[in-house]
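I opened this notebook to keep track of what I looked up in one protein chain, entry by entry. The coordinates come first, and my notes come after them.

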Amino acid sequence: VLSGSLPRGVDDGYYGELIRELARRGLRVALDVEGEPLLQGIAAEPTLVATSQTAAEAIVGQEFHDEQDFVAGIQTIAGLGARNVLVTYDFGIFALLREERRERCFHIVPPPVEVVSTDPPADGRRLLGAFAEREKRPVREEPRQEGRRTCREGEAEVHDGVDRPAGNDQRLPSDSVRQAAAPRRQ
């Protein structure tokens, strides 16, 4: 996990160089930074980019107002080089996750909770830790409800669209999160 601001005097491309070196050694890398280091890090094709809505909007060059904006934004970031993308916003997370030959787009909305900490870095670390744990513990799928699959991971509900192979740009009904259409990278 490469996270946080670079120390003063360190080149903005440092994370990108580090990602390429770690990939040569067969390691997966999660990147959670902002600004130019994020943009250069994405170009190095990390396993995961986790970022905020504000940072994602800066990369894409437009604000996200609705579900379609978020989905288009995470697809754009994936198209720049990120294998998986998580974008957090005030009410949840939008995610593009690639497994094998499948891409899935999720909109995750946790249940309301009493706020104990407003420390975004701590929240980001928890999010990255949960993503890392995903490899070890699959999400349990609940029975289909009203044409959607609802999964539960802890107390959060996860709604996804219809599975289909990567590269298919067909749109889903407006009540579903759209499936990512970016081609899968090897």
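**Entry 1, ground rules.** I am working with a predicted model, in which local features need pLDDT of at least 70 and side-chain atom pairs count only at pLDDT 80 or more, while totals for chains, interfaces and linings use all residues. I number residues from 1 along each chain as its sequence is written, and I take side-chain values from heavy atoms, with hydrogens and water left out.

I looked up the secondary structure and found five helices and nine strands in the protein chain, where helices (H or I, at least four residues) and strands (E, at least two) are DSSP runs numbered from the N terminus. Read from the N terminus on, the elements follow the order β-α-β-α-β-α-α-β-β-β-α-β-β-β. I then checked burial, and buried residues make up 41% of the 186 residues in the chain; buried means under 20% relative accessible area, exposed over 50%, and partly exposed in between, with a 1.4 Å probe and protein chains only.

Which residues touch the most other members of the largest nonpolar core? I noted Leu31, Leu38, Ile42, Ile74, Ile77, Val85 and Val87, out of 27 residues in that core. Helix 1 (14-24), helix 2, helix 3 (53-60), helix 4 (67-79), strand 4 (84-89) and strand 5 are the elements that give two or more residues to this core, and helix 4 gives the most, with five residues. For the term itself, I use a set of buried Ala, Val, Leu, Ile, Met, Phe, Trp, Tyr and Cys residues joined through side-chain atoms within 4.5 Å.

Side chains of opposite charge can pair when their charged atoms come close. With a salt bridge taken as a side-chain nitrogen of Lys or Arg within 4 Å of a carboxyl oxygen of Asp or Glu, I count three salt bridges. Arg24 pairs with Glu21 in one of them, the closest N and O atoms being 2.9 Å apart, and both residues lie in helix 1, three residues apart, about one turn of the helix. Glu21 also forms a salt bridge with Arg25, at 2.7 Å between the closest N and O atoms. Arg24 is exposed at 60% relative accessibility, Arg25 is exposed at 61%, and Glu21 is partly exposed with a relative accessible area of 27%. Through shared partners, salt bridges join Glu21, Arg24 and Arg25 into one network. Glu103 forms a salt bridge with Arg98, the closest N and O atoms being 2.7 Å apart, and both Glu103 and Arg98 are buried.

Most residues other than glycine have a negative phi. Glu45, although not a glycine, has a positive phi of about 65°; I place Glu45 in the loop between helix 2 and strand 3 (48-52), where it is partly exposed with a relative accessible area of 47%. Glu100, also not a glycine, has a positive phi of about 50° and is found in the loop between strand 5 (92-99) and strand 6 (102-109). At 65% relative accessibility, I record Glu100 as exposed.

How far apart in space are Ser5 and Glu34, C-alpha to C-alpha? I read 7.5 Å for this pair, whose members are 29 residues apart in sequence; Ser5 lies in the loop between strand 1 (2-3) and helix 1 and is exposed, with a relative accessible area of 73%. I also noted Ile93 and Val109, which are 6.6 Å apart from C-alpha to C-alpha and 16 residues apart in sequence. Ile93 belongs to strand 5, and at 15% relative accessibility Ile93 counts as buried.
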